[in-house]
Every structure is written in structure tokens, then in C-alpha cells.
Amino acid sequence: MKEIAFKFIETSFGLFKKFCMCYNKTQMVLFRYISAKSDKTAIERKSNLKITFLGATHEVTGSCTLIETNGKNILVDCGMEQGADIFINQEIPVNSAHIDCVLLTHAHIDHSGNIPILCKDGFKGKVYATEETVNLCKIMLLDSAHIQEFEAEWRNRKAQRSGSTLYEPLYTTQDAMCAVSAMYPCRYGETRQVLENVTVRFSDIGHLLGSACIEVSITEGDITKKIVFSGDVGNKNKPFLNPPTKINKTDYLVVESTYGNRLHEPFQDATPILAECFQRAFDRGGNVVIPSFAVGRTQEILYMIRHIKDEGMVKGHNGFPVYVDSPLANEATSIFLQSDPMSFNESVRELVSKDVNPLVFPDLKISVSSDESKAINDDKTPKVIISASGMCEAGRIRHHLKHNLWRSESLILFVGYQAGGTLGRIILDGAREVKLFGETIAIEAEVAQMPGSSGHADKEGLLDWIGGFENKPAYIFVNHGDEEACEAFTKTLREEYGQNAFAPYSGTSFDLQNGRFIEETEGIRITKPARKRDARATQVFGRLIAACEKLLHTAKRCEGLPNKDLARFADQVDQLADKWDR
């Protein structure tokens, strides 16, 4: 009986022991699960490090990206949208007064142009950029403000006559001056602390004087994350600037894709081509008119002309005059001449070391006032005229085109990209006539385009720059390219190079600490509302189309008539078209 009792107790104790062990294991697993979930939640809740893409997403202009860290807000670029808008951009999701600083890659208006609006709306922080970018912004933002004010004045004259609501400029000269006063210059290669937990470093990216890619290092707790913003990556073999600097490591990369689906023409020295254009036009007794962007391209052209004159590359026209007819270009040239020689490539630095001014030469003439601009066309001496704007949409260049397009001896030389729909593109595409200041101007002048003039790296150049990273970034975010280029370059990075690449739309947010998307948005296309027509207007417009079709039918039946009758009919149709051309 005792043995049975002891055996029962022993068995019961064993079962109890196993139960306890099992209970403890279950309790431990449960505890670990709860702890792990709690830790994960704590980490995700604790992480305040995120990036939100706002502008230049599947578009080429309006660059703007927001970084949030520990309750602080940083903007990388704050650019103005230029040209046609394709997608709706999300507004900056924080009040301008709560933005602590702006990091600016370079001075072009599509990267810097909205900083005055920030100031107008209460921004009190600092704008960090290279010293050259700060100096260029002083003239470019003020010039942009003058344009805003001029447009407002023009619109309001019309509004007052019609009793419409007055138009307010996007910003004023005072707002632009506020933006410039908030700028703090940085040197290439210098590590600068911009917030308690954020340091930045600017490196030469070879796109424009002072242009930079920006390395942003952010520490939260014991974790530091680095994100590199490429800015606009420069083209290789530029006549004035350094090649893009390669960066060795990063956790994340934001890269442009302007030419992400295209290759530039093989490199060729443009200086001999420029000299040949001068020779042809001068031999005919004509002028060479160069529509040129005031900042960057104009200085490159001056650099090449100095070489042409030094080497005597144009024969029989010694001392030919060169006019720079753009106040903004003249101011920008002064800034170039005062900049650190290390901002330029080796050949320019060599000239400077020999006390040779790379942008100044005999017979260079600077036009400032409108009277000086008008006097250029009174002088019949064959000359070079460099004037803005680069796409011929505004500015003094239109006056020079008016005086030279109809002259068969003159030459119009395009040295930069011409966007679709601009006057420059229309001329370059072979139009026979254009309207300038209400007057129809026949195009008899020679029209040419200089090769290799893009300031942006092509697909090969972008891949070469990205190849400079020793590690593979956790994510590459592709922006600053139209929809086709942006998507194509993203696909190339994914499929051909095994990169974790993604092309965000405006409003997409990403947690940089945990490496996950917080919100993925879809692109919302801008659609213009269809014009409403009443029934009567629709009926009358239908009559017009029917009448034109009848006219075309009549014209087709005229085949075989005498030439003089056909010519008279054609002249009548042309006159009718000119009368109603709006």
C-alpha cells in the first residue's frame, strides 16, 4: 500500500514538474512575443525620421523634398515649377514658420525659386548652400521677383479696365531680399552642423557654378542614417566646370533623371564649330545671334570665344565685336570672375594662374541700358550678339531676332535645350515665319544648333556617377525627370543593376530609420476643364468647320487650272487665314 502511495506521489510530482516546465516555457515564449512586439512598436513609434517627396516627382522642375527628424523640418530645395505642369504636387505639409532650414543644391530657379514664398509665409530659418550658389541667388531671385512684379502690374492694368479682381505677385523684391539674407555659405567638402543631430556636406556636382550634391547625416539615438541628394548631375567634358564628384557611401540616394533614358551625342569640341559659324556669317556680312541662358551657358560661350580670338580661328575678321546684351548675364559673369578658382576645371585654373582672364577679351562689349541694346542693331558691322532668354520666350533676344531672322546673311545659333512650344523650338524646327511684336517676320537666316551643350548628365553619365558608391544603397529614389525618363531610369537601375530603385509621386513618405514606406501615393494628373459651349456656339462652330471642308473640296477640284488662277486662289486663302490667325 505504501509503495503504491509513494508511486502515486512520485508520478503526480513528475507530472506537476512537467506542467511547471511547460508553463514556464509557454510563459517565456509569450513574454518574448509580447516584448518583441512591444519593442517593434516602440521603435516604430520612436522613429521620427522620415522623408516626403513633394516636387519634381515624375516631372523635371519644382524640386522640393521634406525631411522630418525629432520634431525638426528640413527642406532640400524649394523650386518653382516651370513649363507645363503634368501632375498635382502636394503642398508642403508643415507651416513655413516651422521649417528649420533649407539645403539648396544650386541656384537655378526650378530649385531655388520658391524660397521667397517661404519667407513671405513666415520662414525664419537658415538656407545653406555653397558660396557661389548664394552669390548667384542674390541676382537670380531678385530677377525672378522683378518678373513676378512686372507680370502683376501688366495683369492689373487689364483687370482695372475690365473691373476684374487684382492679381497679386507670387512674391516681391522684398521677399527675395529676405530669402537672400537667410542664406549661409558653405565650402565644398566642409562638414557643417545644421541641427543638433544633423550634419551636411556639399560636393561639386559640375552642373552650374556652385552646384552640389548634398550628403545629409542624421542621428537618432545610437543610429545614424545618411542620405545623399544628387541635385542636377553635370555633363562630362564641359568647357568650364569640374566633372561631378563621386561619393563613396550612403544608406539612401535621391537621384535626378532628366536624361535618364537618353544618351548625348558623342563628345566633340564645340569651339571649332562655333568658329565655323562665325566665319560663315561674317563672310556673308551677317550677324551671329545666340539666344543663351544668362547664368552658366553665356559664360561657357564667352570662354570659347576668348579661345577663338586668342588662336585666330576666324580669318579675315580680326576684332569682330561680341555683345552681351543681358543685364542678368552681365551680373552673373561678374560673379563667375570673382569665384574661387577651385570651382572651375583644371584648364581654367591654369589660365587664372597665368593672370589670364578666362571670360574677357578684346572687343567684348557689355550692354546694360535699353538704349544701348537698341543701338546694337543700328551698327551694320558683322558681330556676335549673345542675349537672353535662352528659349526666346522673353527678354531682349526677341528684338535681335526681329532684326536678324529675315536676313539671309545672318545666323541664329541655339546653344541650349529648346522646350516644345517655345519660340526657340518653333524656329529650330524649321518654321518659315514667326510673329514678333505683332509683326510677321520671315525666317531667311541660317539656323543652327551647337552640339554637346546640355548641362545635365545623360543615362551613361548618371550610371557612372551612381557607380561611384562603394556600397549598394538600401533604396534609390529617382526624381527630377519627366514620366518617361524617370520610369525608364528606375527600370534600368532595377533590372540591369539590381538596385532597389523606386520613383515616388508627390506625397510619398518613407521611414528612413526602419526602411519602409509610410505612404505610397499615385500621380494625379492635371486635367484642364473643357470649355463650355452653349448650343448656339456649337452650331455656329459647326458651320465654320463645314465651310472650311467645302473650301478644301473646292481647292481639290481646281487641279489643272492655269497657274495664275491657282496663285490668286492661294493668295486669297492666305489672306483669309492671316486675318483670322490669333
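Q: Which helix gives the most to the lining of the second largest pocket?
A: H7 does, with 7 residues. This is a predicted model, in which local features need pLDDT of at least 70 and side-chain atom pairs count only at pLDDT 80 or more, whereas totals for chains, interfaces and linings use all residues. Residues are numbered from 1 along each chain as its sequence is written, and side-chain values use heavy atoms, with hydrogens and water left out.

Q: How are pocket and lining defined here?
A: On a 1 Å grid over the protein atoms alone, a pocket is an open set of points where a 1.4 Å probe fits, with protein on both sides within 12 Å along at least five of seven lines; a set from which the probe cannot get out is a cavity instead, and lining residues have an atom within 4 Å of a point.

Q: How much space lies in that second largest pocket, and which residues are closest to its centre?
A: The second largest pocket holds about 650 Å³, a volume being the space filled by probe spheres set on grid points that are joined across faces, edges and corners. Its lining counts 30 residues, and Lys 236, Asn 237, Lys 238, Phe 267 and Gln 268 are the closest to its centre.

Q: Staying with H6, what is its span?
A: Helix H6 covers residues 270-284, which is 15 residues, and reaches 22 Å from its first C-alpha to its last, close to the expected 21 Å. The expected span is 1.5 Å times one less than the number of residues.

Q: Which residues of H6 are buried, and what do they pack against?
A: The buried ones are Ala 270, Thr 271, Leu 274, Ala 275, Cys 277, Phe 278, Gln 279, Ala 281 and Phe 282. Buried means under 20% relative accessible area, exposed over 50%, and partly exposed in between, with a 1.4 Å probe and protein chains only. These buried residues pack against strand S12 (288-291), helix H7 (297-311), S15 and strand S16 (411-414), where contact means heavy atoms within 4.5 Å.

Q: What is found at the start of H6, and what follows the helix?
A: At the start, a side-chain oxygen of Asp 269 comes within 3.1 Å of the backbone nitrogen of Thr 271. After H6 comes Gly 285, with a positive phi near 85 degrees.

Q: Which residues other than glycine have a positive phi?
A: Asn 70 is one, with phi of about 50 degrees, and Cys 392 is another, with phi near 65 degrees. Most residues other than glycine have a negative phi, and most peptide bonds are trans.

Q: Which peptide bond is cis?
A: The bond from Ala 388 to Ser 389 is cis, with omega near 10 degrees. Ser 389 is in the loop between strand S15 (384-387) and helix H11 (397-404).

Q: Changing topic, how many salt bridges are there?
A: The count comes to 25, a salt bridge being a side-chain nitrogen of Lys or Arg within 4 Å of a carboxyl oxygen of Asp or Glu.

Q: Which salt bridge links distant parts of the chain?
A: Arg 187 is in the loop between strand S6 (183-186) and strand S7 (191-195), while Glu 131 is in helix H4 (residues 131-162), 56 residues apart. Arg 187 is partly exposed at 48%, and Glu 131 is partly exposed at 37%. Glu 131, Arg 187 and Asp 340 are linked in a network of salt bridges.

Q: Finally, how many helices and strands does the chain have, and what share of its residues is buried?
A: The chain has 16 helices and 23 strands, and 46% of its 582 residues count as buried.

How values were computed. Helices (H or I, at least four residues) and strands (E, at least two) are DSSP runs, numbered from the N terminus. A polar contact is a pair of N or O atoms within 3.5 Å; within protein, one must be able to donate a hydrogen and the other to accept it, and residues adjacent in sequence count only if both atoms are side-chain atoms.
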